[in-house]
Amino acid sequence: IADTIRVIQGGQIGLSIQCQAGGFQQGFGIWIDWNHDNDLIDAGEFVWNSGTAGFQLFTGTINVPANAMLGTTRLRARSNYASPPTGPCNAQQYGETEDYLIKIYSPTTVFNDPPIGVNDTICAGQNASITATGNGILQWFTVPTGGTIIQTGGTYNTPILNNTTNYYVQSVVGNCTSPRTLVKVVVSPAFTLNITATADTVCVGGSTDLLASGTNLTYVWTPAASLNITSTNSVTATQNVQTIYSVVATNAAGCTATANKTIYIYPTPILNTVANPSTICAGDTAIITVTGASNCTWTGNYLFANAANDSIWVAPTTTETYTVSATAANGCVGTQIDSVVVNQLPTANAGLDETICVGANVTLNASGGISYSWSPANGLSANNINNPIATLSTTQTYTVLVTDANGCQNTDDII
C-alpha cells in the first residue's frame, strides 16, 4: 500500500498486501475513518479482509462511499497470525498495525500532477531533444520557479550545449498549474585526441609506431591496408608512399574525436648498373659499373672493386648475380641487382693423331664447334674448315681453334 492515497467519492481503491515469507502466515484487515471522527468502529469502516491467512499476495478492491467526507483521513492495515484480525484496535497475536493517510476528493476535482520528464545525455557541441508527458499544456523553463516560457509542448529542442544543463517543465490545466519537473541534459565533455609517432619520416617499406592518446576509449584506424591492427590505441604502420593516418576514438557516452598524422617517405638512392659485357665466355672478365651513388657495397663471387666502389671487375666461372647497395645520409638503402651470364667453352677435338708415309696425305676431322681455324696452314688444303686434307713430307703438329655458337673458343692439337 502506498504511503499516500488519493481517492474520489464513489470511486474505488485497488490494493495488494503480503507478509514476508519465512515468518508466520498472516491474515489481513483494513479500516478507513470515512467520517473523520478519529475512530474506526463506525458502520462501513471495516472495508476489507483477506478471508484467510497465508504467505501469498492478497489483492482486493475497496469501494469509496459517495458521501465520504472530503479531505484527509486515516486508513489502517492490520495483520494477524493464522487468521484475519477482528478489530482495528484489539490485541493480536504475531501481527502488525500500520496507518496511512488518504485524501478524499470530489468527483469534479481536476488533478494536475507534475509532468513526467525524460532526461537525455549528449556529447559536447550537440543539441538535445527532451520530452515530457502530462496533463494539459506543457510549458518549459530554464529555472525551477518564475522565469520565461521557452517552449510549449511535449518536446523541447535545446540549443547546442557544452555543459550539463537543467530544464524544467510544468503542466497547466485551466487555472491549475502543476509543480515543475526537472529534466536534465547531461553533456559528456569533449576530449582531445592526438597521435604521436616513433618516426615521422621513414624509408620506403619502413615502419613506425603510432600511438593515440586517451584511456577508456575505443579506436578505429585508417587506412587499414598498411597497419598491423586497426582497433587499439597503438598500431604499427608500414608504408611505401607518404600516407595520412586517421584515428576515430569513441568514449563510453558514444562521443567521438578524430586525429590525423602524416608519415613522410625519405628519398631512397636510385642505383643503375651496366655490365660490360653482360655475357662472357668462361675465363673472360666483365666490368659492372653503378651510377646514382658512391661508396657502394657489392656482393657476389669472383669480384674485385675499385677504390670508389663505383665499378667492379668480375671473372665468374658460371652465371653469377651481383648486388650493389648504397646508404644515403638519411639512412635509407638503395639496391640494384645485375647478372653476368657465363657460357662454357666448347669441347675442341682435332681428332686422333695420324701416321702416314712421306708424300702421302690424310684428312683431318675436327669437331666441337661451328667454325674452325687450323694452324700452321702449310700442307693443308684449307685452314678454315673442320676436315682439311694434309699432304706432308715431315712430321707436323696442327692446332685447331674451335668456335661455338656463343662465340666461345677452345683449341686442340693433332700430330
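In strand S26, Thr289 is the bridge partner of Val274. The structure is a predicted model, in which local features need pLDDT of at least 70 and side-chain atom pairs count only at pLDDT 80 or more, while totals for chains, interfaces and linings use all residues. Residues are numbered from 1 along each chain as its sequence is written, and side-chain values use heavy atoms, with hydrogens and water left out.

Strands S24 and S26 (residues 286-291) run antiparallel and are joined by 5 bridges; strands are DSSP runs (E, at least two residues) numbered from the N terminus, and two of them pair if DSSP finds at least two bridges between them. Both belong to an open sheet of 4 strands with antiparallel pairing, in the order S24-S26-S29-S28. Strand S24 (272-276) and strand S28 (303-305) stand at the edges with a single partner strand each, so one side of each is left without a neighbour in the sheet.

Aromatic pairs (rings of Phe, Tyr and the six-membered ring of Trp with centres within 6.5 Å; stacked under 30 degrees between planes, edge-to-face over 60, the rest tilted) number 8 by this rule. Phe24 and Tyr81 form an edge-to-face pair, at 5.3 Å centre to centre and 80° between the planes, and this pair links distant parts of the chain, 57 residues apart. Phe24 is partly exposed at a relative accessible area of 44% (buried is under 20%, exposed over 50%, partly exposed in between, with a 1.4 Å probe and protein chains only). The rings of Phe24 and Tyr94 are stacked, with centres 4.7 Å apart and planes at 25°, and Phe24, Tyr81 and Tyr94 form one aromatic cluster.
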